[in-house]
There are 2 protein chains.
Amino acid sequence: MAEFKLTILGSNSAVPAHNRNPSAQILKHHSTSFLIDCGEATQFQMNKFHIKRGKLDYILISHMHGDHYFGLVGLLNTLNLNGRKTDLNIFGPPELEQIILLQTDYKREDWNFKINFTPMTFGESYLLFETKNLEVFTIPLDHRVPCNGFLFKEKKKARKINIEAIEQFNIPKTLIKDIKNGADYVDERGNVIKHENLTSDAKERKTYAYCSDTKYNERIIPIIKNVDLVYHEATFLKEDDEKAVLRFHSTTHQAGIIAKKANAKKLIIGHFSARYANLNVFLNEVQEVFPNSAVAIEGEEHFI
Amino acid sequence: MAEFKLTILGSNSAVPAHNRNPSAQILKHHSTSFLIDCGEATQFQMNKFHIKRGKLDYILISHMHGDHYFGLVGLLNTLNLNGRKTDLNIFGPPELEQIILLQTDYKREDWNFKINFTPMTFGESYLLFETKNLEVFTIPLDHRVPCNGFLFKEKKKARKINIEAIEQFNIPKTLIKDIKNGADYVDERGNVIKHENLTSDAKERKTYAYCSDTKYNERIIPIIKNVDLVYHEATFLKEDDEKAVLRFHSTTHQAGIIAKKANAKKLIIGHFSARYANLNVFLNEVQEVFPNSAVAIEGEEHFI
């Protein structure tokens, strides 16, 4: 069973075109929901793709360009009108808080739920926050304004219990949690049974990296090394590499090279410029460099 | 030929639902374009209904509820990215300017076009601005926050020239403009030919009134008296009249009564609550009071 489910809500860059929306993604890890970036009309995309607004736990905004946050105040106001009571955690650039405050009443008594806003810092990767099962790190990107990507990493998991061995040694249920976490078992006679004999290796820790917006930036490679799935922006086709540098964006080939050098298992590219109507060329180009690639299509789901 | 063309871009109230968008309308008067309110995703609706973003001349924002302005900063940023050079005139509540400034760079040197922002006042109807052919007045509405509707009124028009009479009296072309504006013609012998004999009555001065959001408010009746077309909000059905009062909104019947008392020629209702999926009941109810009524449907055009 998959640990993560990623749903693309927006795949386009700043000027909306070709029925593509600006950046937004929903990442679910078991029952925890993260909204990553929130371009204009994200709440409409959530309606369209049957994503329950009320279930959001965390919102992460990468940087202060409108195509990554103009949908936020609309979504927050809708959550409030819908009577949300649960706290909502928002992480973003410091300037974002004033913009939210000016356009919501979230510090007023009649606002229904609490917003915990945490301003991010930029320049170095750090642990932004953790949930019960995940750590979320920033990925410092190289854009015209301060910008972070996000790395979602499952925490160390308990080893899997070997039920037959547990029965064979007649081990009390109360000890199983400790054994999963690495404790040996000592029976009534003082015999030590190593936990390796009672368990098998833990499931792999899955990872997802979101990298938008950025120009080609090898500094992120060690941070996302061996990632299971990486979303990397590819605003431009390879022939437009000079435009990409000037505008602090990446091309298809550059996204592919990052995924390859990071030894990623799979790559999704997105944030396509409005100048391109057809995404087939994007797919062909990126697969020249990194075969296990996909283009971001709104409504499509990816599992890790 | 019609003088005005109105295109509905959004017909819903605050919570987007049933594929209906929040408030926005495009009013065209000959070659001049007005955007009236600008809920989230208005720029996407303009794409959808093939309305050219670059042609906008004026934007009017009625009040500071998000479903009437959350699409504005996205639209402005897109106009800038598209390289607009022409000044854009925005009228709205004073608080709007800071929100625009915080989320655009429009006072910075590298912003491509000039925004002329004019803060509105509330409480009394006044001439907000005029164009070559129109006067635009505020309509003071009764809502939870200060709110203005807008009355668009054609200026006094020149009389229509009677070409046969002009030829009969052999009148020089250079005098025709004066005659249309009411001058008599004096021929070489000093004979006076009255302009009534050279012209016929001017075309009627057409009017459009936008009234959203408001509770039932008879004070607007003299302001919109004899209007050709009135858009009036009807957030609720008639059975929900208590909710309407509490939330400073109107019902179908109330919108119909206003249109009737104002002797309007035609009524469009909109700003429907998300609680109602089906608009047929709205149409039936409003027509009980005011037969020449329509419900606002996104993409539909109305001509005056």
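Visitor: Which residues of H8(B) are buried?
Guide: Buried means under 20% relative accessible area, exposed over 50%, partly exposed in between (1.4 Å probe, protein chains only). Helices (H or I, at least four residues) and strands (E, at least two) are DSSP runs, numbered from the N terminus. In H8(B), the buried set is Phe282(B), Glu285(B), Val286(B) and Val289(B).

Visitor: Within what arc do the buried residues of H8(B) fall?
Guide: Take the directions from the helix axis to the C-beta atoms; the arc is theirs. The buried residues of H8(B) line one face of the helix, because their arc, seen down the axis, is within 95°.

Visitor: What kind of model is this?
Guide: Residues are numbered from 1 along each chain as its sequence is written, chains are lettered from A and ligands numbered from 1 in the order written, and side-chain values use heavy atoms, leaving out hydrogens and water. Local features need pLDDT of at least 70, side-chain atom pairs count only at pLDDT 80 or more, and totals for chains, interfaces and linings use all residues: the model is predicted.

Visitor: What covers the buried residues of H8(B)?
Guide: On the other side of H8(B), Asn280(B) and Glu288(B) are exposed. Contact means heavy atoms within 4.5 Å. The cover over the buried residues includes H7, E16 and strand E17 (293-295) of chain B.

Visitor: Which elements do the buried residues of H7(B) pack against?
Guide: H7(B) spans residues 252-261, and its buried residues are Thr252(B), Gln254(B), Ala255(B), Gly256(B), Ile258(B) and Ala259(B). Asn263(B), with a positive phi near 55°, follows the helix. The packing partners, in chain B, are strand E15 (229-233), helix H6 (241-246), strand E16 (266-270) and helix H8 (280-289).

Visitor: How many disulfides are there over all chains?
Guide: A disulfide is a pair of cysteine sulfur atoms within 2.5 Å. For Cys147(A), the closest cysteine sulfur is in Cys211(A), 9.5 Å off and therefore too far for a bond. For Cys38(B), the nearest, that of Cys147(B), is 15 Å away. Over all chains, the count is 0.

Visitor: Is Cys38(B) buried or exposed?
Guide: Its relative accessible area is 0%. Cys38(B) is therefore buried.

Visitor: Which element gives the largest share of the side of chain B that touches chain A?
Guide: The contact takes 26 residues from chain B and 26 residues from chain A. Elements of chain B giving two or more residues to this side are helix H1 (42-48), helix H2 (72-81) and helix H3 (95-103). The largest share, 5 residues, comes from H2(B).

Visitor: How many residue pairs are in polar contact across the interface of chain B and chain A?
Guide: A polar contact is a pair of N or O atoms within 3.5 Å; within protein, one must be able to donate a hydrogen and the other to accept it, and residues adjacent in sequence count only if both atoms are side-chain atoms. With both residues at pLDDT 80 or more, the number of pairs is 8.

Visitor: Which residues does Ser250(A) touch, not counting those up to four places away in sequence?
Guide: Ser250(A) lies in the loop between helix H7 (241-246) and helix H8 (252-261) of chain A. Ser250(A) is buried, because its relative accessible area is 0%. Its partners are Thr214(A), Lys215(A), Tyr216(A), His232(A), Glu233(A), Ala234(A), Thr235(A), Phe236(A) and Ala244(A).
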